[in-house]
Amino acid sequence: MKKVDNLIIAKKKFKSRLIVGTGKYKNMSECAKAIKLSGAEIVTVAVRRVNIVDKMKPLLMDYIDPKKITYLPNTAGCFNSEEALRTLRLAREIGGWKLVKLEVLGDKKTLYPDMIETLKSTEILSKEGFKVMVYCTDDPLMAKRLENVGACAIMPLAAPIGSGLGIQNYTNIKIIRDQTKLPLIIDAGLGQASDATIAMELGCDGVLVNTAIAKAKNPFQMALAFKNSVVAGRQSYLSGRIRKFLFGTSSSPKEGII
Amino acid sequence: MKKINKIKIKLNGKFIKIKDKTTLLSLIKKLKVPIKKVAIELNQTIVNKKSLGKIKIKKNNKIEIVHFIGGG
């Protein structure tokens, strides 16, 4: 059995293969507790205007220490390359963050990524020295092109953001797994812990979950469930599953039957 | 008494009036914004936080102060 099985992104090592989002929680303390239970070492964060009027509003950094948990600035809500670039340059300015998640959306209803804008932005950001983890469609050709322009991780969707539908296209995920050595992380669309196990069993290096934990009836228990399901899926993948057979093969030896 | 000139600027999408010749640093301090936890844009250009004290805000300047919040 492999003793050390770290997730390595842009030369940085992480023990946990579960990345969680920090949005949609009832409040900051619920978010912080769920993150702790999930065991995640990376969390996605959004860049937004400071509330000038209500300064008493709690700050994310007061609840989640960026020295202990890696903040992954995300461009959620950006609909073109310009907005995404502006957001990530600002994120870098806040505290020197170079590891970022790029997400350029193309449609308000499906929240599908605009891959042309995404590709363009990935290339520019990589040249500026960013380490870009890229939210993308599960199209193997686009995944390859992202890799060619310098992405540091490929993050295909399982299903539309927040839909909870689980992985829709196993084949494409397997093809992307086969063609890339970059970290492959399922981002968006997972609904329950078993979805994460499936992602890991398909050979993904990690999963990113937000809504499925934050909006579960019991977010704390779900955070724990996802933590365990990612570990289970990874171990299952590394163990090498059995071949599938059409008919039954008995588990007990035939010899000595009375 | 000397009359203090006020100028109109746009801060985080809202028009406000501030004293003329205010520096970005004094504005940020007045707003009690923790400098280390934010990034600042002046007319869509990121401002180096070390030079905040040298930049005087002018009429109709657009200032954005952003930070990290919870997100997916």
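**Figure 1. Packing of helix α7 of chain A in the predicted model.** Helix α7(A) spans residues 193–201 and is mostly covered, with seven of its nine residues buried. These buried positions are Ala193(A), Asp195(A), Ala196(A), Thr197(A), Ile198(A), Ala199(A) and Met200(A). Just after the helix, Gly203(A) adopts a positive phi of about 105 degrees.

**Figure 2. The buried face of helix α4 of chain A.** Helix α4(A), residues 115–127, contains 13 residues and reaches 18 Å from its first C-alpha to its last, close to the 18 Å expected at 1.5 Å a residue. Its buried residues are Met115(A), Glu117(A), Thr118(A), Ser121(A), Thr122(A) and Leu125(A). Viewed down the axis of α4(A), these residues fall within an arc of 145 degrees, so they line one face of the helix. In general, residues three or four places apart point the same way because an α-helix has 3.6 residues a turn. The cover over the buried residues of α4(A) includes α3 (81–95), β6 (99–102), β7 (131–136) and α5 (140–148) of chain A. On the face turned away from the buried side are the exposed residues Ile116(A) and Lys127(A). Just after α4(A), Gly129(A) has a positive phi of about 95 degrees.

**Figure 3. Surroundings of Tyr71 of chain A.** Tyr71(A) belongs to strand β5 of chain A, which comprises residues 70–74. Tyr71(A) counts as buried because 23 other C-beta atoms lie within 10 Å, where the cut-off for a buried residue is 20 or more. Apart from its neighbours within four places in sequence, Tyr71(A) is in contact with Val43(A), Val45(A), Pro66(A) and Trp97(A), and also with Phe68(B) of chain B. Leu59(A) lies twelve residues from Tyr71(A) along the chain, and the two C-alpha atoms are separated by 14 Å.

**Figure 4. The side of chain B that touches chain A.** In this interface, 20 residues of chain B are in contact with 28 residues of chain A. Two elements of chain B, β3 (39–42) and β5 (62–70), each give two or more residues to the side that touches chain A. The largest share, seven residues, comes from β5(B). By class, this side of chain B has ten nonpolar, six polar and four charged residues. The model scores ipTM 0.89 and pTM 0.89.

**Figure 5. Strand pairing around β3 of chain B.** Strand β3(B) pairs with β5(B) in the antiparallel sense over four bridges, and Leu42(B) has Ile63(B) in β5(B) as its bridge partner. Strand β3(B) also pairs in the antiparallel sense with β4 of chain B (residues 45–46), over two bridges. In that pairing, Glu41(B) stands opposite Ile46(B). Strands β3(B) and β4(B) form a hairpin with two residues between them, and Asn43(B) in the turn takes a positive phi of about 50 degrees. Chain B has a mean pLDDT of 88, and 96% of its residues reach 70 or more.

How values were computed
Residues numbered from 1 in each chain as written. Chains lettered and ligands numbered in written order. Predicted model: local features only at pLDDT ≥ 70, side-chain atom pairs only at ≥ 80, totals over all residues. Buried ≥ 20, exposed ≤ 12 C-beta atoms within 10 Å, placed from the backbone. Contact = placed C-beta atoms within 7 Å. Nonpolar A, V, L, I, M, F, W, Y, C, P; charged D, E, K, R; others polar. pLDDT = per-residue confidence, 0-100. Expected span 1.5 Å × (residues − 1). Arc of directions from axis to C-beta. Pairing = 2+ DSSP bridges.
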